[in-house]
Amino acid sequence: AGTVQVAGSLTKVNSVTLILSALDNSWTVGTYINAGILQVGSGPANPDGSIPDLPIVNNGTLLFNSSGTFTNNAEISGTGSLNKRGEYGVLTITASNSFTGNINTGTGTPGEAGGIILLKNSYGFGNTNKTANIVRGELQLDGNIRIPNVIAFATSANADATDWAIGHVAIRNIGGDNIVDGPITLTSGGGSSEFVSDAGTLTLNGDVTA
């Protein structure tokens, strides 16, 4: 879509994918995804796309798909999923969110990397039973957070992978003493699961299952 600038809210009502590729989209109330996919960015090779930092009610799929950077400071609620694509892009989550859908980075297909999700809030992924699928992507933790045990992880990402330009690791501690309480399943699709602590401490309290 071209630039979207409205005085009220943006509401997506059907199953057709809406792609926001402009860098200056703006509206004033909030974002409502009633069905289908709302995609921010036109693809992993492009540093484009924008969405106002306003509350999002997502009952479909919210997909960040570009090499650009985005920050979520306002709450994401609803029943939908949160997806991240684009090997160079970073999605920073500082808000306490309440959406109930799963989190997905990348895919099991070579070349379909997921970039980075930087989590700075213990409840950035919510506090209900769900799975965070970290495949061909990287979850970075910062700020002394504790991810609750209702969040299960399925991981497949390692720095030695050769099918994307940047080899991401599954979980990377970049600052602070951070805790993952939920279970972790080592799955396939993006290589072995690698866990790294560059600073501070990373504590995995849940069962780790091959």
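1. To start with the rings: how many aromatic pairs does the count come to? Counting rings of Phe, Tyr and Trp (its six-membered ring) whose centres lie within 6.5 Å, the count comes to one aromatic pair. Phe64 and Phe70 form that pair, with 5.2 Å centre to centre and 50° between the planes, which makes it tilted; under 30 degrees would be stacked and over 60 edge-to-face. Both residues, Phe64 and Phe70, are buried (under 20% relative accessible area, 1.4 Å probe, protein chains only).

2. A word on the source. This is a predicted model, where local features need pLDDT of at least 70 and side-chain atom pairs count only at pLDDT 80 or more, while totals for chains, interfaces and linings use all residues. Residues are numbered from 1 along each chain as its sequence is written, and side-chain values use heavy atoms, leaving out hydrogens and water.

3. On the overall build, the protein has 22 strands and zero helices (DSSP runs: E, at least two residues, for strands; H or I, at least four, for helices; numbered from the N terminus). Of its 210 residues, 52% count as buried. Its C-alpha atoms fill a box of roughly 45 × 35 × 30 Å along the principal axes.

4. On contacts (heavy atoms within 4.5 Å): among those between residues at least 6 apart in sequence, 50% join residues at least 24 apart.

5. Finally, take a look at Leu204, which lies in strand β21, residues 201-204.

Note on methods. Buried means under 20% relative accessible area, exposed over 50%, partly exposed in between (1.4 Å probe, protein chains only).
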